[in-house]
Amino acid sequence: MSPILEYSSLEPSNQTIVRSVKLPPPPGFTGTKASSSKAPVKKTAPTKQSYDAIKAQRAWDFATSPAKQLPMQAFMLYMSGSGVQIFSMGIVFMLLMTPFKNVFSMNDAFAQFAPSTSKNSKSISTLPLQKLVYIACNLLTLGVGLWKCRSMGLLPTGTGDWLAFETRGPPPEVVLHY
Amino acid sequence: MWLLSWFWLLCAFSISSLALHETDVGVVDWYKPLIGVPMWDSTFTAPAFAKIGNRDLIITATGSNVLAALSVEDGSVVWRYVFEREEKIMGYYPQDKVIATLSGPGGAIVRTFDIATGELLLERPLHSIREGLLLEPAFLGASLAFDSSSEDIFTVSNAHTVTRLDGTTGAEIWKWNSPHHASKAILIKVLSTPEAVYAIGAQTSLSKLTLQIFALSPTTGELIESRDVSSKVADAISGVFSYVEPASNQAIVAWAEEGSPRTLILDSHLQNKPTSIEGITTLAYLIDLGLSNHGQFLGQAFDGGSQIMQISPSGTNIVPIHDFDVRTLGVFFGGGLDRAGQPYIARTYWSTELNKVILDVIGGGEKQEFTLGFETNEDGIVDHFTFRVSDDKKPQVVVTSSTGAVQAFSPTDLQWSRQESLATAHLAEFVELPERIVTESTADKSEGFFARLIRQVVQAQNLPQYLINFIRRFVTGSYASATSSAVPQSQNGTLYRDAFGFRQIIVTATTYGKVFGIDSSNGNVLWSRSLGLGSAINVGGVVTPKKMYVIKTVSDGTDPEVVIIAERRNAYRMVATVVFHINALSGADLTGASTKPEFLEGIDILDRGSIESYLLEGEKKVVIVLSESLQPHLYPDNAETQEVFQKAQAQLSFPIRTLTDDGNQQIVGHKFGTGDRPVAYPTWSLTLPDGEQVQRMSPPATKGPIASLGKVLGNRTTLYKYLNPRLVTTFTVSPTRGLCGLYLLDATKGTVVYHTEVKAHSGVCDMQASLTENWLVYHYYEGEAFDGDVKGTKGYRLVTVELYEGHGLDEKTRSSDMSSYVKDSTEITAYEQSYIFPHAITTLAPTTTKFGITSKDFIFATKNNKIQSFPRRYLNPRRTRGKPTAEEQEEGLIVYDPLIPDDPKRVLSHDYQVAGIKRIVTAPAVLESTSMVFAFGLDMFLTRVAPSSTFDVLSENFNKAQLVITIGALAAAILFTKPMVQRKRLREKWYQ
């Protein structure tokens, strides 16, 4: 009779066999029993509150993320120069568009961080502080975009930009020229 | 290296694109050289045939101060010489190969020309122009004769001096002054014979005229003998004539005294006595017909009869050789020669039976009568004629008419015609032509369904043809280009404009009372009308156009209409103001005053002179003629125009030049009073410093649309333009202080908005200025500055001034709709810069475009006979003092340089000699980028300019074939690859 390797006897479920053989466990092997006996003492299963705290933390990170990108964007703007070309225009458009896109999809973006207590995760009232900061940061990006526009001369700030819309009426006195 | 060469090549292209291409010459421009209306009142300036080898020329001196030679065959100008304005031609004296002239007061300058080519051979002043005597008539006291054996010239100048000049070098050989230098005696003629040079003078005392004859030695100029011959001739100029008999080389003087002719044969010691010829007792005076070399002249009898007189070669006898019958209307005489040099005398008269001019030619032993093919309706009356007789005994007649036309007849048919009154054109307006109607709508509203169906089916048979044509045109057809000729194919004579509106009608009025409609595309005269004399038809008179207004344009939906305000002065010097109202496309009368269509008559709006006339612009244009009593008279005068006038009446004001009590010119502003018969009353007058006088006034150059109210700077702030529409430019002279002034006045209130003074150049103020929008450009000669010497920088200056509202950036006062009475109305900032200008100019004008968006160039007519444009870039008064900053560069400003570069590539007139230009008129075309420039005065020249290049049309080298081929190839590629792609997609679906 050839010996049969009974791997299944190693399974903790086959208690009878293990006990009967009484083999020491191989080095580094820890039975599930040992580990499971520790855990319930120190760490119970994560509660809802702790999840919420983590979510809030993550929401704060998300809210400030546009501000964190600013240095990089500023560098890109610096690199793209002040000329009106396809590259600089692309960056400027991105800078001007993303804040609006972000703000309009803000409720969706923050839904994943909604605390468990909230009834509607997509409501504007969930995470109000984070959202406010998020909007502020996006406005910062927008401000950088506008500043860039201004330095490129694309903002109608001078009187010259509105000159074409000025009108004049007929003169009150007429001179007959010969 | 090759990059660099490409760069230079590109530069070369970009520069040449600014200049006038040689291929454009004669396509975008045209040039009509003119000579002016011949001065026919003296035989020394009137047209005459001159024989050069075996061909003939017509030589004449003209009122425009031009000596010209015309081709006999076609009337073209063979050569001409334009004299300076202050140097009037006294006479021309042809010899075999040269022609000599005396010009300037008293014959100040003698010139000789090669008669065949017009090449100036010799030019020499006899005295300075200021020392010249001003005599009446002007040609008195100047005479010239050629030496019989050499080319030397003898002249009488300034009525007292005889000079012999070397014919090749012009050096003075001798000079002799008349002993009566201070007295009233004047020398009128010089005759040259081998023995002596005779100077013939005249002295009038009471009713008697004493002839003074001086015989001078031809070699030394010493007086050999002098003698006074008393005669009873009334007039020394027309009554006495003298000549050298060619066969005997004897000088003969002839005159009429107490009904009979007298002759005096001159010898060097003046021993001979006047011979009285018996048998003729009714001779009033003698007329020189230019045949004195042949001893023939015309004797005018007391009873009005005329005889041809022949003086015998010995000079002792005179025989009448022909008696003319008595005619009273339009009688003129002339002399001419045939090929062999035999003399002929001709007479024209007006035949009331035939309503034609009849020409009688006497000579060669026979009398011939012809009916001259002269159109009196078109060309007025014959003022002068000259003729030659060809081999078949037929005369060729060259006529100068009262309307300034120079015409050649054969003699019954017109051979050629030159409208020389165009050289006196002083008014010109561009008139747009209507658009061509491509498809005429034949449908009328009463047409039934079936009728329409049938018509459309019938029309549909043309559809395939139309489609083929369309495709052909689309693939191969060329589009109108901005540099193509503007002459469209003629379609049964109707006038319509070309695609870009380059074809317009230029209506010009001349001082000879003739109005022309000129095609702006080629310079041909489309129609011409003589302004009718109206009630002065029986007494005679002149009609002088004063003002011309376009009162209806094609945008009003009718044919364009032009109103001409003219002054009629009849033979009794009675003045009336006449209004002519014509259709600008045909010249047809619109007043209804013409009884026959061939005569153009006007309406007498005033039976006196007028002070001024104005155009009241608005939806309905009204002409206001101001009578001497300052009452307005309207044309057209109906209820509608009365209402328009009454509505505007309170707003209107106008400046008039008047004389003050001490005889100075001044400017007085007027407004219209109220009531049914309003009279204008003065509101302000311009107070000038002591001794300063008004020289002239000129309105803004253009009233085109203003595209922008301000000038935007590089940092996007704005300088608001000072656009006061009431500005009038006024020039003043103050002789006591030697200054010339320029004022910009607000003509409603009389406020001086801008004022400048420059030093007069030797007492003469010749400032040229032009104001457009807020931009004033003026030109003058600077010989000295206010603080003394200009140290070698004497020369022409051009100053460019721009007026802006307020006192800084972004300040606006709304000047264009502001009242004159508002305090801010004179709050302005003037930017000005002065430049050295390379040329003397006669006039300048800015370009005008349809919407006023294109930048404005200034066009100058220079005194070296060129029309040249100078770009706005150089004339910008805000050119920077240092290197321009980025913002200034963005605005297009360049560094100030005192000298305006004289770029020969900016000469618009090619190599034409565009002489004597007095005015430049610019007009917009349909293309915004392009402006039409018409220069006139003596010559006429028209061209187009695009100051900012033709940005609104496809460039010349746009490759349409390439575009069509590319599109075709792409379409073919799509057709070819579409099934392939579809198959591939289908296959892909199997593998998904």
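Me: What makes two residues count as being in contact, and how many residues of chain B are in contact with chain A?
Reply: Two residues are in contact if their C-beta atoms, placed from the backbone, lie within 7 Å. In this predicted model, 30 residues of chain B are in contact with 18 residues of chain A.

Me: Which elements of chain B give two or more residues to the side that touches chain A, and how do these residues divide by class?
Reply: The elements are strand 42 (610-616), strand 45 (652-659) and strand 49 (710-712) of chain B. The residues on that side of chain B divide into 13 nonpolar, 11 polar and six charged.

Me: Why are strand 1 of chain A and strand 45 of chain B said to pair?
Reply: Pairing requires at least two bridges between the strands. Strand 1 (residues 174-175) of chain A and strand 45 of chain B have two bridges, in the parallel sense, and therefore they meet the requirement of at least two.

Me: What makes strand 1 of chain A an edge strand, and of which sheet?
Reply: The open sheet has four strands in the order 1(A)-45(B)-46(B)-47(B), with mixed pairing. Strand 1 of chain A pairs on one side only, as does strand 47 (680-685) of chain B, and these two are the edge strands.

Me: Which elements does chain A contain, and in what order do they run?
Reply: Chain A has six helices and one strand. From the N terminus on, its elements run α-α-α-α-α-α-β.

Me: How many of the residues of chain A count as buried, and what part of its contacts joins residues 24 or more positions apart?
Reply: Of the 178 residues of chain A, 15% count as buried. Among the contacts in chain A with a separation of 6 or more, 62% are between residues 24 or more positions apart.

Me: Why are helix 4 and helix 6 of chain A called roughly antiparallel?
Reply: Helix 4 (residues 86-104) and helix 6 (residues 128-151) of chain A pack at an angle of about 160 degrees, with their axes 8 Å apart. An angle over 145 degrees counts as roughly antiparallel, and therefore helix 4 and helix 6 of chain A are described in this way. Their crossing is left-handed.

Me: Which residues meet where helix 4 and helix 6 of chain A are in contact?
Reply: From helix 4 of chain A come A:V92, A:L95, A:L96, A:T98, A:P99, A:N102 and A:V103. They meet residues of helix 6 of chain A, among them A:I135, A:L139, A:L142 and A:C149. By class, this contact of helix 4 with helix 6 of chain A has 10 nonpolar, five polar and one charged residues.

Me: Why is strand 18 of chain B described as largely enclosed by the rest of the structure?
Reply: Strand 18 (residues 240-245) of chain B has six residues, and five of them are buried, so it is largely enclosed by the rest of the structure.

Me: How do you know that strand 18 and strand 19 of chain B pair, and what do they form?
Reply: Strand 18 and strand 19 (residues 250-257) of chain B share six bridges in the antiparallel sense, where at least two are needed for pairing. B:V244 stands opposite B:A251 in strand 19 of chain B. The two strands form a hairpin with four residues between them, and B:N249 in the turn has a positive phi of about 55 degrees.

Me: Why does B:N65 count as buried, whereas B:K393 counts as partly exposed?
Reply: A residue is buried if 20 or more other C-beta atoms lie within 10 Å of its own, exposed if 12 or fewer do, and partly exposed in between. B:N65 has 21 such neighbours and therefore counts as buried. B:K393 has 13, so it counts as partly exposed. B:N65 is in the loop between strand 3 (55-61) and strand 4 (66-71) of chain B, and B:K393 in the loop between strand 30 (382-389) and strand 31 (395-401) of chain B.

Me: What is the value of phi in B:N65 and in B:K393?
Reply: Phi is positive in B:N65, at about 65 degrees, although this residue is not a glycine. In B:K393, also a residue other than glycine, phi is near 70 degrees.

Note on methods
Residues are numbered from 1 along each chain as its sequence is written. Chains are lettered from A and ligands numbered from 1 in the order in which they are written. This is a predicted model: local features need pLDDT of at least 70, side-chain atom pairs count only at pLDDT 80 or more; totals for chains, interfaces and linings use all residues. Axes are lines fitted to C-alpha atoms, for helices over the stretch in contact, and angles run from 0 to 180 degrees between N-to-C directions. Angles under 35 degrees count as roughly parallel, over 145 as roughly antiparallel, 65 to 115 as roughly perpendicular and the rest as oblique. A crossing is left-handed if the near helix is turned anticlockwise from the far one by less than a right angle, and right-handed if clockwise. Ala, Val, Leu, Ile, Met, Phe, Trp, Tyr, Cys and Pro count as nonpolar, Asp, Glu, Lys and Arg as charged, and the others, Gly among them, as polar.
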